[in-house]
Amino acid sequence: MQWKIPFLLLVFGSFLTSCARPSYTLKLDPPLKSYVKIYNTMEIKSCKGTLPKTLETCPVGHYTSTGSGMSVFIVPRETIVITAGHVCTPPVADFIGEHTNLLRVQDHRGNFHQAHLIKSSLDNSLGSPDMCALWVPSLDVKPVSVSSKAPGPGQFLYYIGSPGGVYHPPTAPILTGIFSGPIDASSSMATFPSIGGSSGSVVLSTENRLVGVLFATHPKIHHVTIITSFRSTRVFLNSIKESFKKTKF
C-alpha cells in the first residue's frame with residue numbers, strides 16, 4: 001500500500017499521566033466467517049521493450065500478492081466479495097508483455113474458491129474509490145450489510161484483515177481504530193494499525209455494517225490509514241448490481 005498524500009506530523013508538548021483508568025464495556029461480535037483472504041496470482045508470459053537495469057532476463061513465471069476482503073450483501077442469492085481495487089488490478093510494469101491474473105479467495109475453513117472480477121476502480125480524489133467487487137459462486141457465507149449512515153469523527157470502527165498476510169483460518173486479526181474525518185471525495189482518514197496485506201479490508205461499525213474499505217497507510221506511521229469515503233463507497237456498491245448483470249463470466 002502507498003500513502004496517498006505526503007504530510008508531516010509535528011508532535012510536541014509534555015506527556016500527561018493520570019491515575020484514572022477508563023472502563024471499556026464494548027464487546028464486538030465480528031463476522032469472522034464473512035472474511036476472506038484474497039490471492040492474486042500473475043503469470044508473466046513475455047516482456048516487451050527494454051528491461052530495467054535490475055533485470056537480466058524477462059521474469060517469466062508466477063507471482064502472488066495478497067489482500068483482504070469480505071462478503072457483502074449486494075445481489076440477492078449471489079456471493080459478492082468487496083476488496084480494494086489495487087488488490088484486484090495491481091499496477092503492471094511497462095516492460096511486462098503478455099500476462100494473466102488469477103483471483104482466488106480463502107474462506108474461514110481454509111478452502112480456496114475462484115473469484116471473477118465484476119468491477120474495479122482506483123482512487124482519483126474526485127469520487128472514484130479504490131474498490132473492487134468479485135463474484136465467488138462457490139463461496140457460501142453470510143454477507144454483511146452496508147451502513148445507511150456515514151461515520152463521524154471520533155467514531156469507533158474496526159476491520160478484519162490479514163496485515164502482513166497473517167491468516168490462520170478460522171482466526172483472522174481484528175484491528176480497531178477511530179474515524180478521523182474526510183479527506184476528499186474519494187477518501188477519509190482513520191487510525192487503524194495496518195501494513196501490506198491489510199488492503200481491501202472492509203471497515204465496519206460496531207453494528208457490523210460496512211462504512212468503507214481500507215486501501216492505504218502511511219509508510220512510517222502504520223496507525224494512520226486511508227479508507228474509501230462513505231459516499232464514494234455507496235455509489236460504487238450501488239453500481240454493482242447493474243455491472244453484475246452486464247458481466248459475462
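Which residue stands opposite V203 in β13? G212 is the one facing V203 there. This is a predicted model, where local features need pLDDT of at least 70, side-chain atom pairs count only at pLDDT 80 or more, and totals for chains, interfaces and linings use all residues. Residues are numbered from 1 along each chain as its sequence is written, and side-chain values use heavy atoms, with hydrogens and water left out.

**The whole chain**
- The protein chain has 2 helices and 14 strands (DSSP runs numbered from the N terminus: H or I of at least four residues for helices, E of at least two for strands).
- Buried residues account for 45% of the 249 residues in the protein chain (buried is under 20% relative accessible area, exposed is over 50%, partly exposed is in between, with a 1.4 Å probe and protein chains only).
- Take the contacts between residues at least 6 apart in sequence: 70% of them join residues at least 24 apart (contact means heavy atoms within 4.5 Å).

**Strand β13 and its partners**
- Strand β13 (residues 209-217) has 8 of its 9 residues buried, so it is largely enclosed by the rest of the structure.
- β13 pairs with strand β8 (residues 145-146) in the parallel sense over 2 bridges, and S145 has R209 as its bridge partner (strands pair if DSSP finds at least two bridges between them).
- With strand β12 (residues 202-204), β13 pairs in the antiparallel sense over 3 bridges.
- The hairpin of β12 and β13 has 4 residues between the strands, and N208 takes a positive phi near 65 degrees in it.
- Strand β14 (residues 225-228) also pairs with β13 in the antiparallel sense, over 3 bridges, with A216 opposite I226.

**Around Y39 and Q106**
- Q106 lies in strand β4 (residues 99-106) and is buried, at a relative accessible area of 10%.
- The side chains of Q106 and Y39 make a polar contact (3.2 Å) (here a pair of N or O atoms within 3.5 Å, one able to donate a hydrogen and the other to accept it; residues adjacent in sequence count only if both atoms are side-chain atoms).
- Y39 also has the charged end of R104 over its ring, 5.5 Å from the centre (NZ of Lys or CZ of Arg must be within 6 Å of the ring centre and within 35 degrees of the ring normal).

**Aromatic rings**
- W135, F244 and F249 form one aromatic cluster (rings of Phe, Tyr and Trp, using its six-membered ring, pair if their centres lie within 6.5 Å; planes under 30 degrees apart are stacked, over 60 edge-to-face, the rest tilted).
- F244 is buried at 14% relative accessible area, whereas F249 is partly exposed at 43%.
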